[in-house]
Amino acid sequence: DGRMETLAIILSAAFAAFMLVSASGKLTKMEPVVANLSKVGVTSGMFPVLATIQVVGAIGLVVGIWVPAIGVAAAIGFVLYFAGACLYHVRADDTAGAAVPAGLAVFAAVVAIVRAIA
């Protein structure tokens, strides 16, 4: 159905854009990003690694507009990425802070599902 394909494109593009913004915050070491990641035990040396994962995943989401299997794989990768972020927050006794990555994991799962059925 064309509407589902349109939704898949919109969700994929929006999530990819958000991931690029998030990656830039890590690469430029924006203060709120540094504070949030540091409080859960992420070292500054990991920032480029996490940003690279986000950039590669964002590229995968965009490529997925034309090659759906890649988009599904990228979205599933983000589910795992944000599940890991949730674990970091919980491990650091920051359960309230786990809400954002949990929400992003759910959003990534929705992207994967919509992309898969579009």
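Ala99 is partly exposed, because its relative accessible area is 49% (between the limits for buried, under 20%, and exposed, over 50%, with a 1.4 Å probe and protein chains only). Ala99 is found in helix H5 (a helix is a DSSP run of H or I with at least four residues, numbered from the N terminus). This is a predicted model, where local features need pLDDT of at least 70, side-chain atom pairs count only at pLDDT 80 or more, and totals for chains, interfaces and linings use all residues. Residues are numbered from 1 along each chain as its sequence is written, and side-chain values use heavy atoms, with hydrogens and water left out.

**The largest pocket**

- The largest pocket has a volume of about 610 Å³ (an open set of points on a 1 Å grid over the protein atoms alone, where a 1.4 Å probe fits and protein lies on both sides within 12 Å along at least five of seven lines). The volume is the space filled by probe spheres set on the points, which are joined across faces, edges and corners.
- Its lining has 27 residues, and Lys26, Asn36, Leu37, Tyr81 and Ala85 are the closest to the centre of the pocket (a lining residue has an atom within 4 Å of a point).
- By type, the lining of this pocket has 17 nonpolar residues, nine polar ones and one charged one (Ala, Val, Leu, Ile, Met, Phe, Trp, Tyr, Cys and Pro count as nonpolar, Asp, Glu, Lys and Arg as charged, and the others, Gly among them, as polar).
- Five helices each supply at least two residues of this lining: H1 (2–27), H2 (31–39), H3 (47–63), H4 (68–91) and H5.
- H4 gives the most to the lining of the largest pocket, with six residues.

- For H3 and H4, the axes come within 7 Å and cross at roughly 150° (axes are lines fitted to C-alpha atoms over the stretch in contact, and angles run from 0 to 180 degrees between N-to-C directions). H3 is therefore roughly antiparallel to H4 (an angle over 145 degrees).
- H3 passes H4 in a left-handed crossing (the near helix is turned anticlockwise from the far one by less than a right angle).
- H4 and H5 pack at about 165°, with their axes 8 Å apart. That angle makes H4 roughly antiparallel to H5, and the crossing of H4 and H5 is left-handed.

**Loop residues to look at**

- Lys29 sits in the loop between H1 and H2. Its phi is positive, about 50°, although Lys29 is not a glycine. With a relative accessible area of 43%, Lys29 is partly exposed.
- Asp93 belongs to the loop between H4 and H5. Asp93 is another residue that is not glycine but has a positive phi, here near 60°. Asp93 counts as exposed because its relative accessibility is 71%.
- Gly41 lies in the loop between H2 and H3 and is partly exposed, at 45% relative accessible area. Gly41 and Val21 are 20 residues apart along the chain, and 22 Å separates their C-alpha atoms.

**Helix residues and C-alpha distances**

- Val110 is part of H5, which covers residues 99–117. It counts as partly exposed because its relative accessibility is 37%. Between Val110 and Ala75 there are 8.5 Å in space, C-alpha to C-alpha, for a sequence separation of 35 residues.
- Leu80 has its place in H4 and is exposed, with 60% relative accessible area. From Leu80 to Leu104 the C-alpha distance is 10 Å, and the two are 24 residues apart in sequence.
- Back to Ala99: this residue and Ile10 are 89 residues apart in sequence and 24 Å apart in space, C-alpha to C-alpha.

Conventions
Angles under 35 degrees count as roughly parallel, over 145 as roughly antiparallel, 65 to 115 as roughly perpendicular and the rest as oblique.
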